[in-house]
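Hi,

Here is the structure I promised to pass on. Have a look at it first, then read my notes below.

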Amino acid sequence: MSTDTTAPGPADSDRRTAIVATCVVGGAGAVAAAVPFVASLTPSERAKAAGAPVQVDMSSLAPGEMRTYEWRGKPVWALRRTPEMIEAVKKIAADRLADPNSLRTAYPTPEYARNELRSIKPEYFVAVGICTHLGCSPVGPLAADTNPALGAMPGFLCPCHGSTFDLAGRVFKNKPAPDNLEVPPYKYLSDTVVLVGDDSKA
Amino acid sequence: MGLHKTQFKGLAGWFDARMPTAMAEYRKHMSEYYAPKNFNMWYVFGALAIVVLAIQIITGIFLTMNYKPDARFAFESVEYIMRDVPGGWFIRYMHSTGASAFFIVVYLHMFRALLYGSYRKPRELIWIFGCLIFLCLMGEAFFGYLLPWGQMSYWGAQVIVNLFSAIPLIGPDLSLLIRGDYVVSDVTLNRFFAFHVIAIPLVLIGLVVAHILALHDIGSNNPDGIEIKDRLDSSGKPVDGIPFHPYYTVHDIYMLGMFLMAFFGVLFFFPEMGGYFLEWNNFIPADPLTTPTHIAPVWYFTPYYSILRAVTSEFMWVLAFGVLAYGVLLYFALRAQLARYVALGVAVVAALLMLPASPLALDPKFWGVVSMGASVMIFFGLPWLDQSPARSMRYRPGWHFWFLIAFAVVFLVLGYFGTQPPSPVNQYSSQVGTILYFGFFLLMPWWSRMGEPKPVPDRVTFAAH
């Protein structure tokens, strides 16, 4: 038996195979072990349960009234638009809006809201009341000529950095916010009762 | 210009020119750390202990993401982790299995030191750091055990904190200081959380680093107990040494695989281990008004707990006599005049404070606590208690090895009785066990010198395989 204690040289091919095989299996084990840890960072059952859909009865709103409901910890606006408000939205020229047809995908607009008034029924507007810039909740609905930032347009104004939105939640051009207000998944359970957070057909 | 000269090229060279310490330390501690080539299975437990420490830290971090250190929410938050957090049960079981695994690994690691004399000169400091790590580990386990806020958590903490109240004069105030309240409460839970999550882990990591640095400065011991650095080849490397990397890194990774198989086997199929790893009483939320009928500390504390319970008023006669006899023994054995009189004096004073007949006698409650403390602290004294001319059990008289085995059996028996409810058999056996336990250590300076050691070889015993 040699008493040579020099450092080992490069691995021969059998050793190399054994080393590679061990690393592959070990790596697979490490990935498998990491899965529960990463999974634990995702929403828990309690968080998911707390995120359940919320029912809103639109018939209790007076024309022009807006109420805020909580869904998934976020403010959801339910606005009953008057005919004047609907006219005001239709009158806004497309070149004043950043995304007049709601085509941007950052907060994808559901296909039932990809219309001029961004809602299923023109009279009732449902949107997430969070500015798409950095997350403050805009003030409104403000009538025309009540605020210099909005001017002749009725709409919403975000107090944090001055972004403005029309009464269909579309963001005006040249403002910090890049996207229209998010329309959450929602559907009508009856003529006036809306289920926010669920838009399944079944 | 300040850059160091480097043999490496490219990115490695850029790094090495600016921080040569990285490669230098790697060489010093891994690829050019020459470990004895005759290591056996007993030598894997140090590396496994590091792995278990890493497991506890990582799983601990993920547990703190969802655990609430508030008496109103703690128990519920653990159930939330177990049921609602994706993968939460896996993380929690890793942490609880890891805690018991830590003690199994550390006890086996310490036993190796007893087998091969790894605590002896010149490695006393490594042993001392190790004993400090052991103390910190016990503290860490104790603080962590309160966190689930179950019945066992609460009452275990209550009892242990009350141990401190047994100290004369300052005891009750000390307990108040530790608890932060008049009973174990939310205040206690919060501060134990701070100790468990950051204070002790930082100390533990520091001590582990010191432990390994001290080891690497001297070089590892081996099953034959001979110093491999006594025989160097022409290039200054020990002839019986092999570089830690790759030889022992490969061995350790292999054994790590075996360990992980056992670890995950327990985790998936027996995480409570019959109530020893996760105690049944801890599935009940803490109730300050009701103590569970069957209280026991977690299994790794049971030997010391047995010793605590063994000290009754009758046993004080035995203890007092033992202390007095030991003082007399030291008086005749020590050579320095001062030491002799101090030893005798201390023994006499202690006996006066212990003897039930003495007017100065302190409660057996106090002496129980002292005995339990002494049973842990006595490990520190091993380098000086062991006076055998041979370092490793392999070359000591055969009966020394059986003494060590007997000690291990006593340790396990004391541990067993610690899990059982009090009974006459339990009490008597624990008392006998206590005497044998302390006898093994305290009489070691004499028995370790008896008998004829076998001739210690020049070179390690190693067969190519």
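Let's start with a spot in a loop: Leu169(B) sits between helix 7 (151-164) and helix 8 (171-179) of chain B. Before you read too much into it, keep in mind that this is a predicted model. Leu169(B) is not a glycine, and yet its phi is positive, at about 70 degrees.

You'll find Met273(B) in the loop between helix 10 and helix 11 (302-310) of chain B. Met273(B) has 15 C-beta neighbours inside 10 Å, so it counts as partly exposed.

While you're looking at the backbone, check two prolines. The peptide bond from His245(B) to Pro246(B) is cis, with omega near 10 degrees, and Pro246(B) belongs to helix 10 (residues 244-269) of chain B. Over in chain A, the bond from Gly140(A) to Pro141(A) is cis too, with omega near 0 degrees. Pro141(A) is part of strand 5 (residues 139-142) of chain A.

Now zoom out to chain B as a whole. Its secondary structure comes to 18 helices and two strands. How compact is chain B? Its radius of gyration is 25 Å, close to the 23 Å that the globule rule gives for 465 residues, so chain B is as compact as a globular protein of that length. The C-alpha trace of chain B spans about 70 × 65 × 45 Å along its principal axes. Of the 465 residues in chain B, 35% are buried. If you take the contacts in chain B with a separation of 6 or more, 75% of them join residues 24 or more positions apart.

Next, the inside. The largest nonpolar core has 88 residues, and the ones touching the most other members are Val52(B), Val105(B) and Leu319(B). Helix 5 of chain B gives the most to this core, with eleven residues. Leaving out residues up to four places away in sequence, Leu319(B) touches Val311(B), Met354(B) and Trp367(B). Another core, of 32 residues, lies apart from that one; Cys131(A), Phe156(A), Phe165(A) and Leu181(A) are among its members.

Last, the place where the chains meet. How many residues of chain A are in contact with chain B? There are 13, and they contact 18 residues of chain B. On the chain A side, helix 1 (13-39) and helix 2 (45-50) each supply at least two residues. Helix 1 of chain A gives the most to that side, with three residues. By type, the chain A residues that touch chain B divide into six nonpolar, five polar and two charged.

Cheers

Note on methods. Residues are numbered from 1 along each chain as its sequence is written. Chains are lettered from A and ligands numbered from 1 in the order in which they are written. This is a predicted model: local features need pLDDT of at least 70, side-chain atom pairs count only at pLDDT 80 or more; totals for chains, interfaces and linings use all residues. Two residues are in contact if their C-beta atoms, placed from the backbone, lie within 7 Å. Helices (H or I, at least four residues) and strands (E, at least two) are DSSP runs, numbered from the N terminus. Ala, Val, Leu, Ile, Met, Phe, Trp, Tyr, Cys and Pro count as nonpolar, Asp, Glu, Lys and Arg as charged, and the others, Gly among them, as polar. The radius of gyration is taken over C-alpha atoms; the globule rule is 2.2 Å times the number of residues to the power 0.38. A residue is buried if 20 or more other C-beta atoms lie within 10 Å of its own, exposed if 12 or fewer, and partly exposed in between; C-beta atoms are placed from the backbone. A nonpolar core is a set of buried Ala, Val, Leu, Ile, Met, Phe, Trp, Tyr and Cys residues joined through C-beta atoms within 7 Å.
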